[in-house]
Amino acid sequence: MTKIDQYTNLKKFCQQQGVDLFGVADISLIKGDFALSPELYNGLDRAACLGIRISSAIIRDIKEAPTKIYFHHYRTVNALLDQAALKCANLIQNKGFNALPIPASQILDWEKQKGHLSHKKLGVMAGLGWIGRNNLLVNKLLGSQFRIVTILTDMPLKADKASKDNCGTCKLCVTICPAQAIKEKVSEFDHIKCFEKLKEFQRQKLVDQYICGVCVNICCGKPLAKGKKNNRFSSREIKK
């Protein structure tokens, strides 16, 4: 079976698990950046990135601070991603390959917002989107209104091309950020201001985790121009 066939079959399987975004990154040159034991990822040169959309109705309710229902929904989507990643990893293993599912939301350093690896960086490499001014992964169709998870594997999969898109002239998240952490330049995002605001929300008992959602609400994406392609499944694919 070719790399393209393996890719197509895995994508279809993930689609059946409720996954909205699928892409594969070649990670052979960046594995040294992972906060994982080298024994865990030795020989695993592909990363399958899966994304699941969050509820537009829930996210629309966020104006200046996160809500209780968003907190619950956030955890539910992460749990669904972990389940999808586990099923995907099991399928890969049953085909005779190795697979390492990385938790969707397991933070090792909250202040620096670092986990075992950067899901959003791999998402860019897998063609799912770009890093926006809000320091989140942004997809053309979904904006930032989705969550992602990653499976490292040695399954021979076709690798997608890294996204070269950007936010263009859109600066909606800059003006709406309650922490004033988002700047016009992506590189100037203020992690400390963002984290301090997250801690404030938690002290106010709004949520029990360091999350916000204000910039996610405003970053909703837009339909693609005719003829353009995206790694989100089309409505035709979803019905199959």
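# Briefing on a predicted protein model

Just after helix α1, glycine 18 adopts a positive phi of about 95°. The structure is a predicted model, and the protein it describes has nine helices and eight strands. Its radius of gyration is 18 Å, close to the 18 Å that the globule rule gives for 240 residues, so the protein is as compact as a globular protein of that length.

**Overall dimensions and packing**

- Along the principal axes of the protein, the C-alpha trace spans about 50 × 45 × 30 Å.
- Of the 240 residues of the protein, 44% count as buried.
- When contacts between residues at least 6 apart in sequence are considered, 73% of them join residues at least 24 apart.

**Surface and charge**

- The protein exposes about 12800 Å², and carbon and sulfur atoms supply 52% of that area.

**Helix α1**

- Helix α1 covers residues 3-16, which makes 14 residues, and from its first C-alpha to its last it reaches 20 Å, close to the 20 Å expected at 1.5 Å a residue.
- The buried residues of α1 are Gln6, Tyr7, Leu10, Lys11, Phe13, Cys14 and Gln15, a list that includes Lys11 and Gln15 as well as Leu10 and Phe13.

**Histidine 73 in helix α4**

- Histidine 73 belongs to helix α4, which runs over residues 68-94.
- The relative accessibility of histidine 73 is 16%, and because buried means under 20%, this residue counts as buried.
- Leaving aside residues up to four places away in sequence, histidine 73 touches Ile54, Ser55 and Ile58.

**Valine 124 in helix α5**

- Valine 124 lies in helix α5, which is made up of residues 119-125.
- With a relative accessibility of 17%, valine 124 also falls under the 20% cut-off and therefore counts as buried.
- Apart from residues up to four places away in sequence, valine 124 touches Gly129, Trp130, Ile131, Leu137, Lys161, Ala162 and Ser163.
- Valine 124 and glycine 23 are separated by 101 residues in sequence, yet their C-alpha atoms are 9.3 Å apart in space.

Terms used:
Residues are numbered from 1 along each chain as its sequence is written. This is a predicted model: local features need pLDDT of at least 70, side-chain atom pairs count only at pLDDT 80 or more; totals for chains, interfaces and linings use all residues. Side-chain values use heavy atoms; hydrogens and water are left out. Helices (H or I, at least four residues) and strands (E, at least two) are DSSP runs, numbered from the N terminus. The radius of gyration is taken over C-alpha atoms; the globule rule is 2.2 Å times the number of residues to the power 0.38. Buried means under 20% relative accessible area, exposed over 50%, partly exposed in between (1.4 Å probe, protein chains only). Contact means heavy atoms within 4.5 Å. Accessible areas come from the Shrake-Rupley method with a 1.4 Å probe; for residues, only the protein chains shown count as cover. The expected span of a helix is 1.5 Å times one less than its number of residues.
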